[in-house]
Amino acid sequence: MLKQFLSRFPRKPSKSDSVDRPRSGSGSNPSSHDGGLQRTTSGNVISSIAKRTSSAVFPSSVVAGIEPLLSFKDVPSSERLNLFISKSSLCCVVFDFNDPSKSTPEKELKRVTLMELVDFVASDPPRFTEQAILAMCKMCVNNLFRVFPPNYGSSTSGCENGDDEPMFDPAWSHLGIVYDLLLRFVTSSSLEAKIAKKYINHEFISNLIDLFDSEDPRERECLKTILHRIYGKFMVHRPYIRRTIGNVFYAYIYEIERHNGIAELLEIFGSVVCGFALPLKEEHKIFLWRALIPLHKPKYLGVYFQQLSYCITQFVEKDPKLASIVIRGLLKYWPITNSQKEVMFLSELEEILEGITLGEFQKVMVPLFWRIGCCINSSNFQGERNGKAEQLGVKRRGMDLLSLVCSEGRKKRKVAERALFFWNNDQIVDLIAHNRHVILPIILPALERNLQSHWNQSVLNSTLNVRKMFTEMDDPLFQACHDHFTEEQAKVSLVAEERKESWERLENAANLQPLTENTAVLVTPLATSVTC
């Protein structure tokens, strides 16, 4: 049985070997755990089995007599890289952590060996040879790269409110050390990028990015740091990394709408945007329009909104001419029926407007303030409460429906308040003042409708403050716009009255008609209040 277990350990790699493809499934190969080493106390694990394992796993003709379980300090400096290769190969065996009582001595042996590798890489080792790099990459492939089950992460992408607890990988006692080892290895001054790029290649990077869909937040945090270091060290791989991240975004937006690592990938890309040289390349602008702006569309925007907003603002800071493009994109994907997302969009708009130039602002101010005006009036939720209840599948009555209506009212009140807060920003007020002849006719009707019918005192106070600012800014213009609004309201009221009279005449005429078997009967509807 012992020989069967030892035969599962990999041979020492040769130069002609290539990095293995990732294993299938997050579990391990059962055949690598069946046999076992004799149980000993945890303090004597290494000393009791080192001699029995090394000669069978790594013959002396392969590694010049280096025992893989010896300590680095017990071998000459010239042999330490060989020992590094032996230990890396020893750690290629993966164990099943779903059963904590299974293969306990072997798991502890691997953990201690991994810690020794971490200490060696951190101790300024000699320059890594191609064989050492290959052994290290193979060990990472065997331990890290795995295909998650189909239902893996099915709930995390929707955890916008933080109600669901994250899933933690039971194998983290090994995975965490392997990630730490890979990070130290990539950032080590002993690793030459020209040599390592042969093994840390496109396939390796693609598999690494696939791991961002892990539900374990610890794993995603480690991956974020490692991928960022790879991007910084391997300049030849930078375009491929950006394309691969873009493909993840495209799949998330247009296909699956479920991914656990969007926030971490955006955080990486935010630091990448900071390093873009000016003028921006056309491919970067295309990525902004095709990937970053459409990321506002998915319903789980709240999970990664902070990182996405940072990326967008970094682009605008790099090239202020992109501000109008970004604003058009936000207006295109505006969440008309989602109050929480509307508040997020308004917050991002304010950040963009703080750095926009007057020329770019004038390109988009008409559709922008038309939308802001709609947000100011988003308080009229009373007329839509029944439709909203039906949309959400609410079948209950009484207090449940009342709670739903109150909740929707609070959300829409927040939208109105957030839109009115724009006038608390001095930079935005300056832009409005320079273009008041265009903006005031758009905004004034929304302000007047709020004063006539809004239910919330806080929104009413903010509306009065904005109205006062416009009067102080240009009172003759305000009076002209107000008179025009009054005239339009009178026309609308007149048309509504005429329509009502027409329907009353039709009802009276229908009531005078004699009833027959096939004659339609006019049923007068109950008095209802419908608000569009």
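A residue counts as partly exposed when its relative accessible area falls between the buried class, under 20%, and the exposed class, over 50%. In this predicted model, Glu-497 has a relative accessible area of 40% and is therefore partly exposed. Glu-497 sits in helix α23, which covers residues 475-512. Together with Glu-498, Glu-501 and Glu-504, Glu-497 forms a negative surface patch.

Another glutamate, Glu-342, has a different setting. Glu-342 belongs to helix α16, residues 339-354. Is Glu-342 buried or exposed, and which side chain of opposite charge is nearest? Glu-342 is buried, and the nearest such side chain is that of Arg-371, 5.0 Å away. A salt bridge requires a side-chain nitrogen of Lys or Arg within 4 Å of a carboxyl oxygen of Asp or Glu, and Glu-342 has none. Leaving aside residues up to four places away in sequence, the contacts of Glu-342 are Trp-334, Pro-335, Ile-336, Cys-375 and Val-415.

Helix α5 spans residues 104-122, and Ala-122 is part of it. Ala-122 has a relative accessibility of 47%, so it is classed as partly exposed. Asp-124 is in the loop between α5 and α6, the latter covering residues 130-144. With 59% relative accessibility, Asp-124 falls in the exposed class because the cut-off for that class is over 50%.

The backbone is the remaining topic. Most residues other than glycine have a negative phi, and most peptide bonds are trans. Asp-124, although not a glycine, has a positive phi of about 55 degrees. Glu-257 is likewise not a glycine, and its phi is positive at about 50 degrees. Glu-257 is located in the loop between α11, residues 238-256, and α12. Its relative accessibility is 30%, so Glu-257 is partly exposed.

What is the form of the peptide bond from Leu-278 to Pro-279? That bond is cis, with omega near -5 degrees.

Technical notes:
Residues are numbered from 1 along each chain as its sequence is written. This is a predicted model: local features need pLDDT of at least 70, side-chain atom pairs count only at pLDDT 80 or more; totals for chains, interfaces and linings use all residues. Side-chain values use heavy atoms; hydrogens and water are left out. Helices (H or I, at least four residues) and strands (E, at least two) are DSSP runs, numbered from the N terminus. Buried means under 20% relative accessible area, exposed over 50%, partly exposed in between (1.4 Å probe, protein chains only). Lys and Arg count as positive and Asp and Glu as negative; His and the chain ends are not counted. Contact means heavy atoms within 4.5 Å. Patches are made of residues with over 30% relative accessible area and no salt bridge: like charges are joined within 9 Å, nonpolar side chains (Val, Leu, Ile, Met, Phe, Trp, Tyr) within 5 Å. Accessible areas come from the Shrake-Rupley method with a 1.4 Å probe; for residues, only the protein chains shown count as cover. The place of a charge is taken as NZ of Lys, CZ of Arg, CG of Asp or CD of Glu.
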